[in-house]
Amino acid sequence: REANHTSTIIGRRTNPKTGKCDYKIKDSAGNRCPKKAQYECNKENGTLWIPKENILKNIFEINWLQKR
């Protein structure tokens, strides 16, 4: 099933609890957290910190902007 939305990686960090890479994601669905968020979610802007492994398992397509 296609969700018809996009997500943008807007940040990266080393997770203080796991020591692994997390990416900060902004979803096109809006500025809210899912009711049952599995990941750390900022309730003010709806961004999520998602482990790199989870992103790699669920990625469909990657596009990026390159500075000229």
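**Figure 1. The second largest pocket of the predicted model and the residues that line it****.** In this predicted model, the second largest pocket has a volume of about 220 Å³. Its lining is made up of D27, A29, G30, R32, C33, P34, K36, A37, Q38, Y39, G46 and L48. Sorted by class, these lining residues comprise 6 nonpolar, 3 polar and 3 charged residues. Rolling a probe the size of a water molecule over the atoms shows where empty space is left. Two of the lining residues, G46 and L48, return in the views of the sheet below, where G46 belongs to the turn of a hairpin and L48 is the bridge partner of C41.

**Figure 2. The salt-bridge network of R13, D22 and E40****.** Side chains of opposite charge can pair when their charged atoms come close. The count of salt bridges in the model comes to 2. In one of them D22 is joined to R13, with the closest N and O atoms 3.2 Å apart; D22 has a relative accessible area of 3%, under the 20% limit, and is therefore classed as buried. In another, the side chains of E40 and R13 meet with an N to O distance of 2.9 Å. This pair links distant parts of the chain, since E40 lies in strand 3 (residues 40-41) and R13 in strand 1 (residues 7-14), 27 residues apart. The relative accessibility of E40 is 46%, a value between the 20% and 50% limits, so E40 counts as partly exposed. Through shared partners, the salt bridges join R13, D22 and E40 into one network.

**Figure 3. H5 and its contacts with D27 and S28****.** H5 is found in the segment before strand 1, and with a relative accessible area of 41% this residue is partly exposed. When neighbours within four places in sequence are left aside, H5 is in contact with D27 and S28. Although H5 and S28 are 23 residues apart in sequence, their C-alpha atoms are 5.9 Å apart in space. D27, the other contact of H5, is also one of the residues that line the second largest pocket.

**Figure 4. The hairpin of strand 1 and strand 2****.** Strand 1 and strand 2 (residues 21-27) pair in the antiparallel sense over 7 bridges, and within this pairing G11 stands opposite K24 in strand 2. The two strands form a hairpin with 6 residues between them, and in the turn G19 has a positive phi of about 75°.

Figure 5. Strand 2 is joined by 4 bridges to strand 4 (residues 48-51), the two running antiparallel, and here I25 stands opposite L48 in strand 4.

**Figure 6. The hairpin of strand 3 and strand 4****.** Strand 3 and strand 4 run antiparallel and are joined by 2 bridges, with C41 having L48 in strand 4 as its bridge partner. There are 6 residues between the two strands of this hairpin, and G46 in the turn has a positive phi of about 75°.

Technical notes:
Residues numbered from 1 in each chain as written. Predicted model: local features only at pLDDT ≥ 70, side-chain atom pairs only at ≥ 80, totals over all residues. Heavy atoms only, no water. 1 Å grid on protein atoms, 1.4 Å probe; cavity = no way out; pocket = protein on both sides within 12 Å on 5 of 7 lines; lining within 4 Å. Points joined across faces, edges and corners; volume = space filled by probe spheres on them. Nonpolar A, V, L, I, M, F, W, Y, C, P; charged D, E, K, R; others polar. Salt bridge = Lys/Arg side-chain N within 4 Å of Asp/Glu carboxyl O. Buried < 20%, exposed > 50% of the residue type's maximum accessible area, 1.4 Å probe, protein only. Contact = heavy atoms within 4.5 Å. Pairing = 2+ DSSP bridges.
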